[in-house]
Amino acid sequence: MPAARIMNSETARYLASRLVTTVLIVFGAMLLLFTLTTLVPGDPAATLLGPQATPELARRFVHDMGLDQPLHVRLWRFFAAVLAGNLGVDIISGRSVVSIIAAVMPYTLILTFSAIGLAVATGLPLGIYAATHRGSVMDNVLAFVSVAFIAVPSFVIAIFLLLIFAIWLGWLPVLGTSRSGAFLDEFKRMILPTVALAAGWIGFIARLVRASMLEVMGEPYIRTARAYGLSERIVTYKYALKNACIPTLAILGLGIGRLLGGAVLVEIVFARPGIGRLLYDAIAERNYPVVQGTVLVTVILFVLVNLLVDLSYSAIDPRIRREAISSAKAA
Amino acid sequence: MPIDLNRRQVLAGTAATGLVGTVAPGRGAQAQTSGPRTSITVRVDRDLTNLDPAERIGPGDGNVIRTVHQRLMKQKANSAELELDAAAEVTQTSPTTVDFRLKPGQMFTDGFGEMTAEDVKFSFERIGLAPAGSKEATYKGDWVNLERVEVTGPYAGRIILSKPRANLFDIAIGDVSGCIMSKKAVEQRGAEIATKPVGSGPYQVVSFERQSSVVLKRNANLAGPKPAFEEIAIRFISDPRTTDLALRSGEIDLAVLSPSGAEPLRSVAGLTVTPEPSIAYVWLGMNLEKGPLQDLRVRQAIRLALDTDQMLAAGYNGKAPRLNTLLPPQILGHWKDAPVYKRNVADAKKLLADAGASNLKLKLLILNQPAYQNMALVARALLAEIGITVDVDSQEGGTFWSSGKGDTGKNLDLFLLRFSGKHDPNFIMQWFVSDQVGNWNWQRWKSPEYDALFLQAASELDKEKRAQLVVEAQKLMDKSSAFVWLTNEVNVLVHRAWIRPAAVPGWIDWQYDSFAASA
């Protein structure tokens, strides 16, 4: 069988198994979530309806939300509705949960990918520099700065950035969104939240790339490449960096997943809408349809991003491709 | 001199120039702080979620709803006193009937036509009288005693009650539940009316973005006087620190902050900081059904051991006025001679000894906010001096607000509570009647005398007699020793000096349409 066809069938099998895993993960996450909603203290009717609610209204509210049903019935109804493309209705505004998530999702995606993009664009060269100048003053300075960035929470960085760039220098705005819709204005408002979120990841990626690079630079094939007389630039960037990037890619997958729902503090500091903040508010309000919908979307995105990362390994590393083909042949 | 640039240098240079160009125009990034302007941005600390008068969530929603819709009567600027709004005439023809006549030519926005008495009937009855099989309005209680609304002409009608009601005008006709909606628009837009309201008021909603902002634009077809600002953007900013910075940078023009949050802004040029007494009320409550707290002497001992002024100093930097009874001074029926309890450790210890209570361990439930946390720590220290060990239980909103519900409420010991008020004594008193035990009466205090006084006051149309009934009710609360009144809080208003904001006293009900700019 030609290698390409073996590869394709193996990829298809791999994708299928990952798809099954994805479904299981989503199901497990939702099962956990539904179980938690029955355990967590706090009456959604009291929280949302407030003092004006009559007991009859509170009972109807609980019934409308399906909270008077057993766990398995609620779970079954939820997945049946999801398969029909329906995530339910926000019990506060009466709007569909899909439309609410769709409204905030672009803010989250833009912030997540710009932060990760900035982290890679900055952390990668810093990590390479530190690895190629091991033990130098700059390497030590970068180590110190990287650890500091990792250790300081993003919302603390956010507040300092605001004080420096929005208040003292007056270069950038405080609020993370505007109602003008103008590209330049929105771009300016993106800078500080992006930097605040990216800072920790810059340090993390720089350290990781440095460690991976140092490990890879000691590999026999790098020595062989040098022995062939290849320039240090080609050895570093063409042969060492590619393999050193694999652990970084794995971390990036997790990072994107974390930022999708975990940028809540930065979103609060910059008064910026986002999926993390939506989830946070919905939990505080016991607005279960929004909680369920948001968690479902976040879990799916998380799993998909990590699936893409896994697939990208084989594109980068031919050994992984070959392993896939050998295992397919053996099967 | 020849310039030798390679491709990388050109790209790097272009990127750097672009970045500098983006951020370096200096203060161009900031909004204009000088004024007056035709548009302003105000901050709210809770997201606006539902602009349907029947289903609104908080005062922030209500403030927008009142400016988008007209009512038969509305509050005068910076006052709780009512004046005619959509109505040319409103007359109480008997204790249970109110006749009204609308001004002709009041047009709903978005082409939904002229306001008629049918719209008034629809708007009031959809809240007060849920049609069979349809969902009961959250704010049904605002229209309690409503029997029906009769339409007697295109612009005329009659509100008919099942029994007299003293606060009909303050709570229903003149407030959010009295907003007149377009029947046609509600039927056509369905659930969308919650975010795309149709009214005939001074402003209309032109943008509603969850977690971000609501933008109001002056209603060009408004029949009456036009509001001062062409546009008001209402920004949701939950974090007080971000609010502080946005006020400094000029991105927002007005916000209400806590005393400690507003203090640093006093020195900022161009900002005015004004404390406004609130009509919210905060107290430390005791569960009368729980163990040793069933004994009146234990409750009296706790009241004597606490020092309200010390607690307020910790919670509000000493900037919030002390409250000695349920109703603050702005409300009809305020008990001005209410006792002002002073801390007396010796008497408190004696009361505990008489009650045979020793080594008491109590839990103090609070909402996880700094003001309550600080007050709770002071209370713990003060009560420790009379031998009561207090465990402070700080909970987030969802858990906290459910703690007094049903049988769960039986487990409470002590708690710090804050309720929002309205300019009506019965509205404020309602949470302490016996029927509210297991709901909002967390003290589980049952007093048939209080319940009777509450009902009498609710239907007493004579103001003086009503005020006396309300004072008597507060005396009963004092006698129970289940309440240690703390403060009716203070709202500190921070705004550009050229803005003249407006609100019903207490600064819970903002009047966007009466905001003005100084010349």
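Colour chain B by pLDDT to begin: in this predicted model, the mean for chain B is 91, and 92% of its residues reach 70 or more. Then select residues 17-30 of chain B, where the pLDDT is below 50. Beyond near neighbours in sequence, this stretch has 20 contacts in the model. For the complex, the predictor reports an ipTM of 0.78 and a pTM of 0.83.

Chain A has 331 residues, of which 37% count as buried. Considering contacts in chain A between residues at least 6 apart in sequence, one finds that 73% join residues at least 24 apart.

Bring both chains back and select the interface. Here 46 residues of chain B are in contact with 44 residues of chain A. On the chain B side, the elements that give two or more residues are α1 (7-23), β11 (213-218), β12 (231-236), α6 (240-249) and α12 (397-400). Highlight α6(B), which gives the most, with 6 residues. Colouring this side of chain B by residue class shows 16 nonpolar, 19 polar and 11 charged residues.

Move on to strands β16 (residues 360-367) and β17 (residues 388-395) of chain B. The two run parallel and are joined by 8 bridges. Within this pairing, I366(B) stands opposite S394(B) in β17(B).

The last stops are two residues with positive phi. Select N317(B), in the loop between α9 (308-316) and α10 (345-355) of chain B. Its phi is near 55°, a positive value in a residue other than glycine. Is N317(B) buried or partly exposed? N317(B) counts as partly exposed because it has 17 C-beta neighbours inside 10 Å, and a residue needs 20 or more to be buried.

Finally, select E489(B), in the loop between β19 (483-487) and β20 (490-496) of chain B. E489(B) is not a glycine, yet has a positive phi of about 60°. Why does E489(B) count as it does in terms of burial? With 29 C-beta neighbours inside 10 Å, E489(B) counts as buried, because the cut-off for burial is 20 or more.

Key: Residues numbered from 1 in each chain as written. Chains lettered and ligands numbered in written order. Predicted model: local features only at pLDDT ≥ 70, side-chain atom pairs only at ≥ 80, totals over all residues. Contact = placed C-beta atoms within 7 Å. Helix = DSSP H or I, 4+ residues; strand = E, 2+ residues; numbered from the N terminus. Nonpolar A, V, L, I, M, F, W, Y, C, P; charged D, E, K, R; others polar. Pairing = 2+ DSSP bridges. Buried ≥ 20, exposed ≤ 12 C-beta atoms within 10 Å, placed from the backbone. pLDDT = per-residue confidence, 0-100.
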